Every structure is written in structure tokens, then in C-alpha cells.
Amino acid sequence: MAIAARDFRELRLDAMSRTFGSLNALQGVTLSVRRGEFIALLGPSGCGKSTALNCLAGLLTLSGGSIWLDNTRIDRLKPEERGFGMVFQNYALFPHMSVRKNIGFGLTMQGRPKPELERKVDEALAIVRLGDQSEKLPGQLSGGQQQRVAIARAIVIEPPLVLMDEPLSNLDAKLRLEMRAEIRRIHELIGSATIYVTHDQEEALSLADRIVVMRDGMVRQVGTPEELYSRPAHSDVAEFMGYRNQICSRAAKAGNLMDVSVGGVSLQGTPVEPMADGDAVAAIRPDDLKVSAGGPISATVESAQYHGSDFYCSGRAAEGTELYFRSAQRIEKGDTVALAADPSRVLVYPRVPS
Amino acid sequence: MTDQAVSESTAPESMPLRVRLALYELDGVTLLVLPAVLFVAVLFVYPFIYGFLLSFHPKAGDWLANYRKFFSDPFLYDTIAATLWLAVPATLINVLISIPIALRVRLMRRRRILTTILVIPITLGTVLIAEGLLNYLGPQGWFNRSLMLFGFGGPVRLVHNYTGVMLSLILSGFPFAFLLTLSYITGIDPSLEHAAATLGAKPRARFGHILMPLLAQGLAINLCLSFVQTFSVFPSAVLLGAPAGATRVISIAAYQAAYEQYDSSMASAIAMIMGFCQLIVVALILSARSFFYRGAVGAGKG
């Protein structure tokens with residue numbers, strides 16, 4: 001029998017909230033997760049994503065709301081009664097136990113018979129490709145190997161839900177890419193639901209079926225990676241999804257589009273929600289602000305970083321507007337460039353007075 | 001290994017001495033240990049060797065006469081048992097009680113206030129504690145007067161016996177044991193226990209499988225230090241105990257030899273025997289350590 005997640009239909013977070021003193025770390029988070037789904041909780045540090053994960057694991061108690069696994073309310077259960085697998089940011093491997101003992105710990109606690117335990121641990125070792133390291137202590141392994149042990153230890157108990165708290169943040173860039181693919185492969189293999197906390201939008205986009213963007217303890221937007229990438233619902237979500245140019249401007253209706261002013265030049269953009277004339281924010285990705293001969297915006301280059309396929313540049317347009325853009329050609333500091341953006345790639349949001 | 005490889009391949013005679021020493025990490029800063037070395041040599045090594053040699057030059061008899069006298073006179077050799085009978089239970093009580101309390105205290109926010117309160121008995125010293133206990137627990141003290149007032153029977157004898165010394169050893173020794181245990185326990189990454197909990201380990205299993213094995217090394221050190229402290233008990237054994245009876249500890253025997261019989265050779269011999277007893281117990285505890293995991297108690301990269 002291979003390792004497979006325990007069956008369930010739906011995990012439901014119902015207005016989950018948590019306060020620390022006067023700080024509202026989580027405010028009414030509502031979400032429903034199906035079996036087999038890979039959910040990324042994405043947000044800047046302090047947005048409540050780790051708090052949400054710890055609440056799910058039972059390491060923090062809720063101040064309000066509830067958590068349901070199908071028809072069972074689980075938010076009052078202790079972590080040891082929930083049976084979720086968790087992968088910690090620092091791996092939290094037991095330093096005094098061999099890799100095999102670490103992975104078998106959950107099964108030992110369940111009192112499984114020895115032959116079954118050994119077989120499952122062997123399977124988990126094979127899944128994370130660590131079969132030959134099983135007698136080593138965690139301290140003798142590399143960071144990537146420790147990470148694999150942590151994953152094996154979490155999945156061997158066949159949890160319906162696997163929780164991961166920024167598991168790749170301690171690895172170097174190359175290993176991070178490798179482990180990303182590995183995590184997705186293991187997720188599909190065992191068929192659990194995975195909730196993955198990260199502050200790296202690229203990680204969330206490449207791994208998740210659905211992304212939950214959080215900010216100030218609240219869910220800002222839930223959607224597929226494509227939805228979030230092309231149409232963030234709010235300007236702060238857009239900023240987090242890589243719309244680095246956020247230009248405050250007046251906006252005026254022009255048919256289905258809106259006229260906005262970017263660097264003193266009038267530009268057409270697409271409103272994300274129905275909106276009236278008034279204060280607005282225009283959000284443009286650096287990738288969508290292109291250097292083109294007849295471009296309307298004129299900017300002076302302030303820096304250009306070589307990124308292999310192109311240059312990542314920043315420049316200043318009229319009115320002191322700082323703009324980030326990409327250029328396929330080599331440009332130097334001090335050059336003047338002409339920039340253009342497709343109206344469908346300029347997203348216009350109403351400006352919320354703060 | 002790399003250092004040696006470097007020094008072998010690139011250390012021709014032309015290399016200045018300073019650079020060659022630096023390869024072995026010896027430099028000007030190394031000189032800073034000299035005062036400490038001198039201090040240890042003058043105040044510990046020399047007196048120790050002097051006392052050791054002195055113990056073999058008895059007032060009368062051959063070179064082993066002092067030791068023969070000690071081990072043939074029950075009035076003398078019983079002091080070892082009397083001391084162990086105080087030191088071992090006191091050490092165990094102090095260290096074992098410190099574990100559950102430290103487990104709770106590490107979660108507290110205002111830990112500093114509590115640790116400050118606990119450090120006070122250490123700074124006051126054993127004499128003040130003994131005086132306090134004499135007044136409080138004595139036949140006319142508050143404790144016995146309250147007992148009688150509320151009709152719990154006659155005065156209980158709590159000082160000038162074994163109980164008095166034991167209470168004093170716990171009062172003065174516990175804060176020390178506790179602070180050591182607390183620092184070892186807070187050194188264990190809480191995420192290890194969280195991980196164990198998500199894997200289904202109940203509190204008892206988390207304690208047995210995770211905390212205790214990681215704490216074992218620290219507890220062994222704690223036991224050694226607490227034991228050495230209580231084994232050399234002197235002021236409280238004299239002030240609170242029965243220095244001629246149940247709490248006639250080995251340090252009292254040494255004191256009497258030195259300052260009542262003016263036999264410094266005999267006193268040295270007793271001090272040597274005392275040191276040897278401590279050494280045996282410490283060696284036993286430390287050798288038990290090898291059964292446990294000894295390494296970092298962190299949780300990997302962090």
C-alpha cells in the first residue's frame with residue numbers, strides 16, 4: 001500500500017480570527033479547500049499568513065471563528081489530535097534521532113506495528129529520494145536533504161492536509177527551484193491538500209492551484225495564478241504581484257478605457273472594476289512598459305541591471321515619476337528612452353484614501 | 001586539516017615567526033589568557049599539590065598514617081556517608097524540581113522578574129539563609145508558633161538536625177540549579193515540540209522523546225555542579241545542623257583537624273579524600289552522559 005492522504009472532501013475556514021493583545025493578526029479569514037488542492041498563502045511579512053497556518057495546525061488557538069474538516073469541527077482539537085502534517089521553516093528535525101527515526105516518529109506515536117512502520121518509512125524515504133541516508137543524524141545532512149526529511153516526516157502519517165511554512169526560504173536559489181518541483185510532485189503523488197505559506201510570488205505562481213493573497217490579517221484576493229497575475233483585484237495585490245509601477249493620477253473615462261497621466265503624459269488604461277472619474281492608481285509591470293521608438297513617455301535612465309535576457313532598468317520621467325521597465329538592448333545611465341504600454345496592460349484602480 | 005596542509009606546503013624558512021604562529025591561531029590575543037593561567041596556577045594548582053604532598057607527611061607514623069587513621073576511625077569515615085546522605089538527595093531534589101518549573105517559566109513573559117527573585121538567595125549566601133531559618137523555624141519561631149496557635153500540635157523540631165541542613169541546601173541550591181536548567185531548556189528550539197505535537201505526540205511523549213534526550217547533557221552538568229556545591233556544605237551544617245551528630249559532614253572533620261587539633265597534615269588528607277569523593281561522583285555522572293545524544297539542540301538551519 002503506497003502512501004496516500006486520508007480522504008476528505010472539504011476543509012473550511014469560517015471567519016477565522018486571532019488577536020495578539022490589541023493586534024488583529026487574523027481578521028475573519030474564510031476559505032474552502034478541496035482534497036488534492038495546492039493553496040498558497042501569499043503576502044508580505046506580518047500579513048498573518050504564518051498565524052493562519054499555525055491556527056490550522058493547532059499551535060495557536062483561534063480568538064474567533066471555526067475550522068471544519070467536512071462535518072467535524074476541529075479548531076478546538078489539540079495539534080496532536082488533528083493529524084495534519086507540517087513542514088517548518090527551520091525544518092524542526094529532531095537532532096538526536098536518525099533520519100529513519102525522525103520519519104517514523106509520527107507512526108511510532110500512533111502505535112503502528114513495526115513491520116508496517118518500517119515499510120512506510122522506506123516508502124517515504126523513496127519518495128523523497130533519501131534511501132541511502134536513513135541512518136544519518138540530521139546534522140550530517142545538507143539543507144536540501146534536511147528539507148526532504150522534514151517533508152517525508154510530514155507525509156508519512158498520511159495526513160489529509162499538509163501545511164508548509166516557507167519551507168524553501170533557507171535554501172539557495174538553485175536548490176529552491178529543484179525542491180519546488182519536488183514539492184509539487186510529492187503533493188500530486190499523495191493527493192493531500194497542501195497549504196503553503198510563502199512571501200515569494202514566483203513560488204506561489206509556479207506551485208499553487210489557487211493563491212490566497214493576504215494583507216493585514218485579511219484575505220485580499222483568492223484566485224488562480226493566472227487570474228492574480230493578469231488581473232489583481234486591488235492595487236496593493238497588484239504591487240505584490242509584480243506591478244512595480246504604481247502611479248497616482250486623476251483618471252477620466254474614455255469609452256471602456258480610462259485616461260490616466262503617467263509621467264506627465266496621457267496614457268490609456270483598463271479599469272479593473274467599474275469606476276467613476278477621480279483619483280486613481282495606474283499599475284504597470286516593468287515587463288509591460290517597453291522601450292519603443294515612438295513611445296509617448298520620455299524617461300532618463302537611472303540604473304540598468306543586466307539580467308541575462310534583458311536589462312531591468314529604472315528611470316525618471318517628467319514630474320519626477322520613477323518608472324521601472326525592461327529593455328532588450330543595452331542602455332546606460334543617463335540615456336533618454338521612449339516608453340510605451342499597451343492599454344490592456346495598464347490596470348487602473350480607484351485610489352482609496354488612506 | 002587545511003591549516004596543516006597550508007603550513008606544510010607554504011611554510012618555508014623565510015616565513016616570519018608571527019605568520020607561522022598565526023597559522024596555528026596563535027597571536028597577540030593569545031597572551032590575554034596568561035593572567036588566568038597564572039591565577040589558576042598560584043591559587044589552585046600550587047595549593048592543591050602542596051596539600052596533596054602535605055597529607056603524606058603526618059605528625060606521627062609512616063606516609064600513609066593519615067589515610068589509615070581516617071579509614072579506621074568511624075568518627076571520621078562516617079562523615080563521608082553523612083555528607084553523601086545530605087548532598088545526594090539535596091542535589092536530586094534541586095535538579096529534578098527545577099525541570100517542571102523551568103518548563104513552565106520559559107513560557108512566561110516576565111521571566112526576568114522571577115529570575116531576579118530567584119537569584120537573591122544566591123547573592124545573600126548561606127549564612128544569612130541559615131540565620132533566617134533559625135529564627136523562622138526554631139522552637140520559638142513563627143512557624144512553630146503558628147502551628148501551635150492553630151492547634152496542629154506541639155513544636156516541630158526543624159533546626160539543629162538533618163532537616164534544617166536539608167532545607168537550607170534546597171533554599172540556597174535550588175535557584176542555582178533552576179537557572180542552569182532554565183538556560184538549557186530555553187536553548188531547545190520550541191519548534192521541535194511543535195513538530196512532535198503535529199506528529200501526534202502527547203505532552204508526556206513530547207517530554208520523554210524530545211525534551212529529555214536533548215536536556216540530558218545539560219542535566220548531567222547541572223547535577224555535577226549542584227553536587228559539588230552541596231558536598232562542600234559547611235556553614236549550614238554547623239549553624240542549622242547537629243555538627244556533632246547527624247550532620248557531621250566531611251568539611252567539619254577537616255575543619256576540626258586543622259583548627260582544633262592543629263594537624264594540617266591530617267586536614268590535608270581529609271580534604272584530599274573529600275576531593276576524591278567528589279571526583280568519583282562527577283566521573284560517574286559524566287560517564288552516564290555518553291549514553292545520551294550529545295550535540296547541537298537546534299532544529300537544523302534556522
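His160(B) is buried, with 20 other C-beta atoms within 10 Å. That count qualifies because the cut-off for buried is 20 or more. The model is predicted. His160(B) sits in a loop of chain B, between helix 8 (142-149) and helix 9 (162-186). Its phi is positive, about 60°, although His160(B) is not a glycine. Most residues other than glycine have a negative phi.

Arg129(A) also has a positive phi, near 60°, and is a residue other than glycine. Its place is the loop of chain A between helix 4 (114-127) and helix 5 (143-155). Arg129(A) counts as exposed, because it has 12 C-beta neighbours inside 10 Å. The cut-off for exposed is 12 or fewer.

Now to the largest nonpolar core. This core holds 163 residues. Those that touch the most other members are Ala40(A), Leu41(A), Ala152(A), Leu163(A), Ile195(A), Ala282(A) and Ile270(B). Helix 9 of chain B gives the most to this core, with twelve residues.

Take Leu41(A) from that list. Neighbours within four places in sequence are left aside here. Leu41(A) is then in contact with Lys49(A), Ala52(A) and Leu53(A), and also with Ile195(A), Val197(A), Val212(A) and Met214(A).

Helix 3 of chain B comes last. It covers residues 34-54, 21 residues in total. From first C-alpha to last, helix 3 of chain B reaches 28 Å, close to the 30 Å expected at 1.5 Å a residue. The helix bends by about 40° at Ala41(B). Of its 21 residues, the number buried is zero, so helix 3 of chain B lies largely in the open.

Key: Residues are numbered from 1 along each chain as its sequence is written. Chains are lettered from A and ligands numbered from 1 in the order in which they are written. This is a predicted model: local features need pLDDT of at least 70, side-chain atom pairs count only at pLDDT 80 or more; totals for chains, interfaces and linings use all residues. Helices (H or I, at least four residues) and strands (E, at least two) are DSSP runs, numbered from the N terminus. A nonpolar core is a set of buried Ala, Val, Leu, Ile, Met, Phe, Trp, Tyr and Cys residues joined through C-beta atoms within 7 Å. Two residues are in contact if their C-beta atoms, placed from the backbone, lie within 7 Å. The expected span of a helix is 1.5 Å times one less than its number of residues. The bend at a residue is the angle between axes fitted to the seven residues ending there and the seven starting there.
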